[in-house]
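Have a look at it first, then read on.

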Amino acid sequence: MNGIDDKTVVRDYFNATGFDRWRRIYGDGEVNTVQLDIRTGHQQTVDTVLAWLKADDKLSELTICDAGCGVGSLSIPLAQAGAVVSASDISEKMVGEAKERAVAIGLPSNPSFSVQDLETLSGNYHTVICLDVLIHYPSDQAMDMIKNLSSLANDRLILSFAPKTFLLTILKKIGEFFPGPSKATRAYQHREAEVVRALESCGFKIQRSAMTSTRFYYSRILEAVRG
Ligand code: SAM
């Protein structure tokens with residue numbers, strides 16, 4: 001499968017069965033045990049990133065690009081904390097849901113939302129964030145994505161991905177990520193060293209890192225700043 005095919009499959013998935021599944025996981029309604037575990041793990045990742053940004057104590061001065069924003073799990077609390085957030089996602093259904101959630105809590109214009117492939121994003125932001133998106137792409141394409149995201153970031157890029165170290169565990173769990181008929185996308189792990197190399201080649205150095213692991217959810221989080 002080449003990169004273009006991966007992207008088409010991912011977009012179609014997140015506009016259909018993947019939308020229903022992930023909207024539930026990233027919500028607060030009833031879900032099964034596996035989905036609850038993934039919800040908990042993902043929330044930990046979001047909370048880690050929020051804690052990093054809040055610790056710097058100048059959120060209200062920051063412009064933030066949330067690439068692959070999903071239903072706004074990070075964009076919305078960041079906007080609530082005062083940052084100016086540009087959120088985008090390749091899936092119009094995910095963006096629609098994110099917008100609804102933001103409006104429902106009184107945030108009609110910040111975050112701003114758009115339907116866009118992160119490889120075609122342009123502009124400049126203080127901080128660019130891309131959580132749990134690279135898992136959908138093979139290494140070559142993921143590294144190209146990191147290059148484009150780097151070009152948008154004036155100061156900082158925060159990424160999360162499933163690390164390759166956990167390959168065996170993840171392989172056993174992939175059926176849980178995309179079970180039954182919705183098992184329409186692959187999950188790709190990435191070597192941390194390769195991700196770091198890609199960031200360094202774009203002029204960044206790692207400032208903070210963290211790892212979230214629950215039974216079914218693994219995510220390595222890297223904060224890179226211009227060195
Ligand atoms: N970042 C969000 C979060 O952590 O809550 C959502 C994570 S979800 C597992 C992956 C998201 O990436 C989906 O909403 C999907 O539509 C989006 N996505 C996948 N490929 C993308 C691409 N090439 N450009 C932008 N968004 C993409």
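## Asp37 and its contacts

Leaving out residues up to four places away in sequence, Asp37 touches Thr214, Arg215, Phe216 and Tyr217; contact here takes C-beta atoms, placed from the backbone, within 7 Å. Asp37 and Arg215 sit 178 residues apart along the chain, yet their C-alpha atoms are separated by 6.7 Å.

Asp37 belongs to helix H3 (residues 33-55). Helices are DSSP runs of H or I, at least four residues, numbered from the N terminus. Asp37 counts as partly exposed because it has 18 C-beta neighbours inside 10 Å (buried takes 20 or more, exposed 12 or fewer, and partly exposed is in between).

## How the model was handled

This is a predicted model: local features need pLDDT of at least 70, side-chain atom pairs count only at pLDDT 80 or more, and totals for chains, interfaces and linings use all residues. Numbering starts from 1 along each chain as its sequence is written.

## Around the ligand

The ligand is surrounded by 22 residues, and the closest are Phe14, Gly68, Gly70, Ser91 and Leu131. To make the list, a residue needs its C-beta atom, placed from the backbone, within 6 Å of the molecule. Helix H1 (residues 3-14) gives the largest share of this shell, three residues.

## Where H6 meets H8

On the H6 side, Ser139, Met143, Ile146, Lys147 and Ser150 meet Glu194, Val195, Ala198 and Leu199 of H8.

Definitions and conventions. Helices (H or I, at least four residues) and strands (E, at least two) are DSSP runs, numbered from the N terminus. Two residues are in contact if their C-beta atoms, placed from the backbone, lie within 7 Å.
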